[in-house]
Amino acid sequence: MATRDPVGFLRSEYEQLVNNELDWKLRELEGPSTPRCVVDGKRVLMLCSNNYLSLSNHPKVKQAAIDAVKTHGAGSGSVRPIAGNMDIHMNLERRLAMFKGAEASLVYQTGFAANAGLIPQLADAGDIIISDELNHGSIIDGVRLSKADRAVYKHCDPADLKPVLEKAEEHSPAYRRMLVITDGVFSMDGDVAPLKDIADLAHAHGAMIYVDDAHGEGVLGAGGRGIVHHFGLKRDRVQVEMGTFSKAFGVVGGHVSGSRDLVNFAYNKSRTWLLSGSHPPAVAAACTAAIDVLETEPQHVRNLWENTNYFRKGIRDLGFDTGKSETPIIPVMMGETSAAKRFSSRLFEMGVFALPIVFPMVAKDKARIRTIMNAALTRGDIDEALSAFEKIGEELRLI
Ligand SMILES: *Cc1c(COP(=O)(O)O)cnc(C)c1O
């Protein structure tokens with residue numbers, strides 16, 4: 001008779017997380033994700049959603065989803081390579097490629113599925129993947145699925161990337177392919193990768209570049225076209241531009257843009273694309289409508305930046321440190337974990353919803369409240385948030 005409890009770890013490991021206050025307490029959003037919304041029964045100002053432009057509630061985006069259910073049904077019926085490739089999916093990819101100014105685009109079910117499916121195909125045994133040390137978890141998992149050698153360079157530091165590339169170029173036997181991967185905008189600090197310098201270096205050493213622009217789309221570049229436009233980079237310098245419809249586009253879905261060769265390769269090779277059901281028609285249609293809105297209503301991106309500059313200045317003027325933030329992701333530094341947690345729960349009591357980011361997601365003494373600005377917040381909303389930060393900051397003697 002075995003004495004081992006085969007599932008005892010489920011509870012013990014969960015309890016360990018709870019004891020260390022590292023478990024996720026799920027908040028419940030009652031109704032749509034809007035700047036003023038209801039969370040756990042309380043009316044709050046939303047300061048931590050990725051719905052930067054509030055497109056998830058845009059009438060045109062919602063209507064496109066409703067119409068697609070009526071014309072195409074609730075589901076697609078299959079994976080795309082078999083019987084689940086609808087005109088609605090192809091249309092989205094054509095629209096996205098036009099928006100990005102790329103030869104072709106490919107849509108995955110999620111951004112996570114794009115990274116996990118494509119990265120291990122771009123580089124495998126005999127190749128090397130070179131990553132920024134703070135890249136997103138979905139990139140890390142994509143890299144783990146590859147048999148390629150790995151190297152890491154210091155966060156956003158081309159001077160540190162250079163010797164890594166030089167060493168890789170001298171490797172014996174010579175690597176077949178070298179792949180440099182970076183987030184475009186980093187989600188914990190809101191800083192922007194120096195993509196031009198990284199791309200120039202990669203080019204000089206014959207490496208290809210993969211940028212994950214999940215937090216740059218709808219934010220950076222003309223009309224929110226993303227980081228490649230922001231730096232005015234040519235497509236032959238940034239060969240793989242990956243992104244998501246789950247953030248500024250307000251829906252869900254991952255995507256990759258680049259050359260026709262890249263897209264042909266990606267959909268034939270990515271197992272997450274080949275073996276997982278395609279988007280419901282409503283999702284694909286809503287994503288297409290979100291692109292239309294970005295192209296026809298430039299005020300959303302403009303409002304986002306006005307709000308970002310106003311809030312960041314306000315927070316800094318109060319005496320808080322916003323770290324390296326250059327984008328609508330604005331961390332408000334708190335120091336210790338306990339301070340950040342206390343601050344966040346006081347904010348919630350005062351009707352402001354913004355979560356603490358603490359160790360192990362960031363260094364032990366770099367706990368923060370991560371705020372994310374939104375185009376649909378009014379000046380009055382932002383002033384209200386600022387006065388809550390001021391009051392609690394004084395109360396907890398942080399400013
Ligand atoms: C959110 C995010 C992803 C995952 O995108 P989903 O479409 O939500 O799966 C990937 N990379 C980065 C940098 C992200 O911030």
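Helix α4 and strands β8 (240-244) and β12 (356-357) each supply at least two residues of the lining of the largest pocket. The model is predicted. Of the elements, α4 gives the most to this lining, with three residues. The volume of the largest pocket is about 850 Å³. Its lining comprises 37 residues, and those closest to the pocket centre are Trp24, Cys48, Asn50, Leu355 and Arg370. By class, the lining divides into 17 nonpolar, 13 polar and seven charged residues.

The largest pocket holds the ligand. A shell of 13 residues surrounds the ligand. The closest of these are Gly111, Asp212, Thr244, Ser246 and Lys247. Helix α4, which spans residues 111-122, again contributes the most, here with three residues of the shell. The class make-up of the shell is two nonpolar, eight polar and three charged residues.

For Lys247, a polar side-chain atom lies 2.6 Å from an oxygen atom of the ligand. For Ser246, a polar side-chain atom is placed 2.8 Å from a ligand oxygen atom. Phe112 takes part through its backbone: one of its polar backbone atoms is 2.9 Å from an oxygen atom of the ligand. The ligand taken alone exposes 380 Å², and the protein buries 87% of that area.

Methods:
Residues are numbered from 1 along each chain as its sequence is written. This is a predicted model: local features need pLDDT of at least 70, side-chain atom pairs count only at pLDDT 80 or more; totals for chains, interfaces and linings use all residues. Side-chain values use heavy atoms; hydrogens and water are left out. A residue is near a molecule or strand if one of its heavy atoms lies within 4 Å of it. A polar contact is a pair of N or O atoms within 3.5 Å; within protein, one must be able to donate a hydrogen and the other to accept it, and residues adjacent in sequence count only if both atoms are side-chain atoms. Accessible areas come from the Shrake-Rupley method with a 1.4 Å probe; for residues, only the protein chains shown count as cover. On a 1 Å grid over the protein atoms alone, a cavity is a set of points where a 1.4 Å probe fits but cannot get out, and a pocket is an open set with protein on both sides within 12 Å along at least five of seven lines; lining residues have an atom within 4 Å of a point. A molecule sits in a cavity or pocket if more than half of its atoms lie within 2 Å of its grid points. Helices (H or I, at least four residues) and strands (E, at least two) are DSSP runs, numbered from the N terminus. Ala, Val, Leu, Ile, Met, Phe, Trp, Tyr, Cys and Pro count as nonpolar, Asp, Glu, Lys and Arg as charged, and the others, Gly among them, as polar. Grid points are joined across faces, edges and corners, and a volume is the space filled by probe spheres set on the points.
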